[in-house]
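This report goes through a structural model, one topic at a time. Please look over the sequence and the structure before reading on.

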Amino acid sequence: MAQVPDERSLVESNKNAPFALIGVNTDGASDDLLKRTRDADITWRSFADGGPSGPITQAWGVTAFPTSYLLDHTGTIRGVDVPTEQLQGRIDELVVAAKEDL
Amino acid sequence: MFTTLCLAISATLLLQETADVGAAAAAPDIEISILGGKSIRGRLSPATGARIGLETEGFSEPLIVQIDALDAIECLQEMKSAADTRGLFSFELSGGEQLHGRILGLTNEAWRIDAIGIGTVSFPRSVVTHARSLGSSSILFNGPHGLAGWTSGKARTSFATRGNSLTSTSPAARIERDLGLDHDRMVEIELSWSATPRFRVELGRRAKKSKRSGAVTVEAWGESLVAWSIRGKGLDIVELSQQIDAESELSLGARVTQAEITFLDANGRELGTLARPANSGPLLAVVNDGDALTLRKLRVIEGLHAHESITLEDALITGFDADENAFTAGGETIAAGAVTEILGGAHPAPGEVPDQEQAPIDGTTRPQDGVTVRFRDGRALTGAFLETDGRSATLQCAWSPSPLQVALDGLDRIDVHRPSRTAKRRATARSFVVTAGGEVPGELESIETDGNVVWQPAFAEQTAEIAPAAVERIIVNRATAYFASKRTFPHYIVLRSGESYRCRLISIDEEHVRIDTPFGADRQVDVALVKAVEFDQSAMDRFRKAFEEKPKDNGFGGFGFGGAERARVATSEGFDGDSLRRALALPRKYKKRRFEHLVIARTGDFMRTSVQSWSKEGVETTSLAGSNRVIPADRLAAVVWLESAQAKTLSGETSGAASRQARIILDETTLLQLKLSRVTDDTLHAQSDVLGDVTLPLSHIESIEFKADPKSPRTHYDDWTLKPMREPFPDAPEPAPTVDSPATGAAAPKTSGVDLEGSALDLADYAGKVVLLQFWGHW
């Protein structure tokens, strides 16, 4: 949660590029989950995985949170838990590659 | 020079009884200021030679203090002015001294008077610069000399004593004093400033009333002086038409009655009158609202009425008839009662050394080397201090052939003129004992088996014994030696009692922590006494600092609810407070297992676990997920023993005579709670249950504290307590066996489902785009 402002600026900086930030939400189902998410200004989409041991979390083998994976335009994993200050640089490289392939 | 206006009295003689020298008044309460800025309070007690005795709380014997080690002695008691002053004269001498007394006789060479507090005394006529009849207008207060007797809304140090005056450079500095302005009084005041004058003099304000009511205030407004008061709903103002400049001084008089206050200039001319507010009081206050203000002179005189004054020139006076109480001057007989002023012959400036004819009888004693004793009624005597019996002082004054015994009734202060340089050096000692009476500089000689502290005061010749109950702390202040090397003792232990010191960890098990300490090798400490062991102090210092400020918003601190298999090496820069709280909240399903430790990595990550053992390689732990792993020593910042409801809270206090229990502070990170045995030969011997016998050179010690701090020592670990957490996911399945996470270079697993709004979502939808997939939770 603490990283939300960084994520927001990431979304903003890359809004014209072939980039998407997708979340996998690991809260249990509840009536106000959507509201809380919107209140936190989280505008991007998230999978609702139903809890910290949901199917997507298990498929990816995630045991600690938060965890992030950086994927290139072919769906290949190119980075795990890339530090915040390096993220934009890495995204830029991958966006260049994505555009070349078009 | 302000002229006193007095009532003419008849020629009837008023016989004045000799004041009792050394009357049965108790020794005055005094405060002595030692060079170096410290002060001690006590009661004056007898001493021979150039010394005073000081009975002070806690010391079994009075301290015998060399007078040249002192700055000043202030008398704290507000004593009523001694005798009725009618028929008396005040004599101002060329050294700045002042005597009050009744004239007994006059020859060509000398005056003979019966002086208040001294008795019969003679002095040469040429030494007198000015004499003044105290008459029916007795001088009630002649100051200001020092701050004793003045009170202030702010700290006393906003006004400071400089010689005979009080100065301030702090805006809003204020002092006030009860000068008995309820009755008919004449007030003379002299102020000076350098810079734009901004000050207030308030006459008649009661301390408890609200700020500005109850006073007639004189204030500088622009270039003139204005007096004003608040009465009823209005403001009364009168301009005093005194011109004031940027660097100047002011002499002002005020005739104060119950009903009104009339202001007078230096020549006695009336400047204006204001009605006095109904609720005004006996106080006078001086307030500095600007840069610099000096109160140079303040006199409060009883009686106000005008009369024709008779001034005589000393040179013209040929004699004095004691029976008639009259002077003969220029062939006439003039009643002493009618004379207001006698102007002295030679008129040397005050403060000048008397010239050759008045050379001191004892050639080696110059007044400037001695003391000046000042009284509240304006009397002042300068001389060498010979001895005191607690109620009077014996001085050798320059103009008197024999020493004078001066009663100390009505004492204001004693200023020491030229303190010795050795005394100054000794007095700026670094060691102090803090008692109820004040801070006494000196050296710790020993602590006896009965607990008495033997102290060598810096300015006294003999050692003094202080009862243990009277000692608050001893500031040894000599911690020059580095007390424990970081290489030998690379770790740091914090106990629940608040003690903390360097150590080397030997082992950890369920019951004990074994450490080598600088005070003894291989000590076994019950885990119930231990709060934490720190491995990398600079890492802990960083985390402490970050924790005390706001928890940082960035970083990947902490391990999540799912349990941890690896210490994450992340770029956190401090504790993430939320993560810590989550880590300390143990889900109820794990409550049966003992996860009583918190392991903190140097990166700021932490995990709750159960520490099994310690070896040079690191800490072996059992995690929530059930597996054992070793966390390498070079990754560790600290291991913290968390408290839970079941944990014992042994505070580690030792039993025994409470009076010898002390906290020994070696430096800002090292604190021991020990039971003192004794101090001898600059070494402290003590015991503790944890460390056993401890021997410490005084040169390693910062301070020894006897009275416990009202706040017991706290570390930031105090708030770390295990709490059960309400299961947020009551339907959450048992943790599934872990799957190996895909690594860089692998293809992303198939990922599809619904989003939070219920719409279908599939990772494959984003082919062709760079994707950041983020696993997160509101928790």
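## Conventions

This is a predicted model, in which local features need pLDDT of at least 70 and side-chain atom pairs count only at pLDDT 80 or more, while totals for chains, interfaces and linings use all residues. Residues are numbered from 1 along each chain as its sequence is written, chains are lettered from A and ligands numbered from 1 in the order in which they are written, and side-chain values use heavy atoms, with hydrogens and water left out.

## Chain A

Chain A has four helices and four strands (DSSP runs, helices being H or I of at least four residues and strands E of at least two, numbered from the N terminus). Their order from the N terminus is α-β-α-β-α-β-β-α. Of the 102 residues in chain A, 50% are buried (under 20% relative accessible area; exposed is over 50% and partly exposed in between, with a 1.4 Å probe and protein chains only).

## Salt bridges

Over all chains there are 28 salt bridges (a side-chain nitrogen of Lys or Arg within 4 Å of a carboxyl oxygen of Asp or Glu). One of them pairs Arg45(A) with Asp755(B), with 3.0 Å between the closest N and O atoms. This pair joins two chains, because Arg45(A) lies in the loop between helix H2 and strand E2 of chain A and Asp755(B) in the loop between strand E57 and strand E58 of chain B. Arg45(A) is partly exposed at 32%, whereas Asp755(B) is buried at 6%.

Within chain A, Arg78(A) and Asp72(A) form a salt bridge at 2.9 Å; Arg78(A) is partly exposed at 39% and Asp72(A) is buried at 8%.

## Cores and surface

The largest nonpolar core has 109 residues (buried Ala, Val, Leu, Ile, Met, Phe, Trp, Tyr and Cys joined through side-chain atoms within 4.5 Å). Phe327(B), Ile474(B), Ile664(B) and Ile704(B) have the most contacts inside this core. Another core, apart from it, has 38 residues, including Leu179(B) and Ile261(B).

## A hairpin in chain B

Strands E27(B) and E28(B) run antiparallel and are joined by four bridges (strands pair if DSSP finds at least two bridges between them). They form a hairpin with two residues between them, and Gly330(B) in the turn has a positive phi of about 55 degrees. Ala326(B) stands opposite Ala335(B).

## Cysteines

The structure holds zero disulfides (pairs of cysteine sulfur atoms within 2.5 Å). Cys397(B) is buried at 1% relative accessible area, and Cys503(B) is buried at 0%.
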